[in-house]
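Please read them with the structure open.

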Amino acid sequence: MTLEEIKQRMWSGKVYFPSGDELMAEQLAALDKLYDFNATRPSEMARRRELLSEMFAEIGEGCYIEPPLHANWAGRHVHFGKKVYANFNLTLVDDAHIYVGDGTLFAPNVVVATASHPIDPELRSGEYQYNLEVHIGKNCWIGAGAVILPGVTIGDNTVIGAGSVVTRDIPANVVAVGNPCRVMRPITERDKVYYYCDRKIDYENL
């Protein structure tokens with residue numbers, strides 16, 4: 001199987017065997033750039049932006065990723081919109097494509113995984129896997145330690161609670177929490193008045 005055929009299999013959602021010297025060489029070259037990104041000093045912001053533009057499939061203006069970043073392909077299959085913010089220890093298992101809309105926030109220690117393995121132990125022992133795209137909408141907030149599994153879509157403006165394990169699609173404009181993650185409530189007009197429990201937003205001083 002040629003390199004391009006393996007890549008098409010990677011992105012098709014079908015079971016495949018991730019092998020080949022060319023594929024490994026390409027992945028290692030990407031990971032070298034990720035190593036360089038994680039080794040930058042806090043003052044080297046321009047260098048970080050330069051590396052991210054080389055590493056990611058797409059990265060919009062105003063994005064910020066706090067090192068360390070972990071990614072199977074160093075972001076090669078990751079598409080960030082504008083002003084995406086990721087706190088430290090974002091893990092992107094980016095064997096397939098990951099799409100993130102403008103203004104989405106990632107708290108520390110979030111995992112977004114596109115890769116998985118068959119349940120059948122014989123296939124697993126043969127190191128076979130499959131990959132499913134992940135789509136995260138605009139203006140989402142993904143809480144600390146959340147895990148987003150392969151094939152999931154999260155709608156615009158949605159909040160995923162800390163520690164949640166997102167196993168299925170979550171609609172737009174809701175707060176969803178838990179393991180497995182479920183919709184707790186819609187986002188409403190009340191959220192424009194109160195930012196936490198009964199604490200009101202002090203708009204006059206913002």
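Throughout, a residue is called buried under 20% relative accessible area, exposed over 50%, and partly exposed in between, with a 1.4 Å probe and protein chains only. This is a predicted model, in which local features need pLDDT of at least 70 and side-chain atom pairs count only at pLDDT 80 or more, while totals for chains, interfaces and linings use all residues. Residues are numbered from 1 along each chain as its sequence is written, and side-chain values use heavy atoms, with hydrogens and water left out.

1. Two backbone positions with positive phi. N157, which is not a glycine, has a positive phi of about 70°, and this residue is placed in the loop between strand 15 (153-154) and strand 16 (159-160); helices (H or I, at least four residues) and strands (E, at least two) are DSSP runs, numbered from the N terminus. With a relative accessible area of 31%, N157 is partly exposed. N173, also a residue other than glycine, has a positive phi near 60° and lies in the loop between strand 17 and strand 18, where N173 is partly exposed at a relative accessible area of 37%.

2. Cis peptide bonds. P67 and P68 are joined by a cis peptide bond with omega about 0°, and P68 sits in the loop between strand 2 (64-65) and strand 3. Another cis peptide bond, again with omega about 0°, joins N179 and P180, the latter in the loop between strand 18 and strand 19 (182-186).

3. Five strands form an open sheet in the order 3-6-9-14-17, with parallel pairing; two strands pair if DSSP finds at least two bridges between them. Strand 3 and strand 17 (165-166) are at the edges and have a single partner strand each, so one side of each is left without a neighbour in the sheet. Three bridges join strand 3 to strand 6, and H70 stands opposite T91 of strand 6. Three bridges also connect strand 6 with strand 9 (residues 111-113), where T91 faces V111.

4. The nonpolar cores. A nonpolar core is taken as a set of buried Ala, Val, Leu, Ile, Met, Phe, Trp, Tyr and Cys residues joined through side-chain atoms within 4.5 Å. The largest has 37 residues, and those with the most contacts inside it are F80, F106, I136, I142 and I154. Among the elements that each supply at least two residues of this core are helix 2 (21-38), helix 3 (45-55), strand 4 (78-80) and strand 12 (134-136). A second, separate core of six residues includes L3, Y16, L23 and W73.

5. Surroundings of I154. Not counting residues up to four places away in sequence, I154 touches H135, I136, G137, C140, I142, I148, I160, V166 and I170, contact meaning heavy atoms within 4.5 Å.

6. Aromatic pairs. A search of the whole structure finds four aromatic pairs, where rings of Phe, Tyr and Trp (its six-membered ring) pair if their centres lie within 6.5 Å, and planes under 30 degrees apart count as stacked, over 60 as edge-to-face and the rest as tilted. F17 and Y128 form a tilted pair, at 5.6 Å centre to centre and 55° between the planes. This pair links distant parts of the chain, 111 residues apart, with F17 in the loop between helix 1 (3-12) and helix 2 and Y128 in the loop between helix 4 (121-125) and strand 11 (130-131). F17 is partly exposed at 37%, and Y128 is partly exposed at 32%.

7. F56 and F80 pair edge-to-face, at 5.2 Å centre to centre with 70° between the planes. F56 lies in the loop between helix 3 and strand 1 (58-59) and F80 in strand 4, so the pair ties together parts that are 24 residues apart in sequence. F56 is buried at 5% relative accessible area and F80 is buried at 3%; ring pairs link F56, F80 and F106 into a cluster.

8. A buried asparagine. N131 lies in strand 11 and counts as buried at 1% relative accessibility. Its side chain reaches the backbone oxygen of M10 at 3.0 Å. The side chains of N131 and Y16 are joined by a polar contact of 2.9 Å, that is, a pair of N or O atoms within 3.5 Å, of which, within protein, one must be able to donate a hydrogen and the other to accept it, residues adjacent in sequence counting only if both atoms are side-chain atoms.
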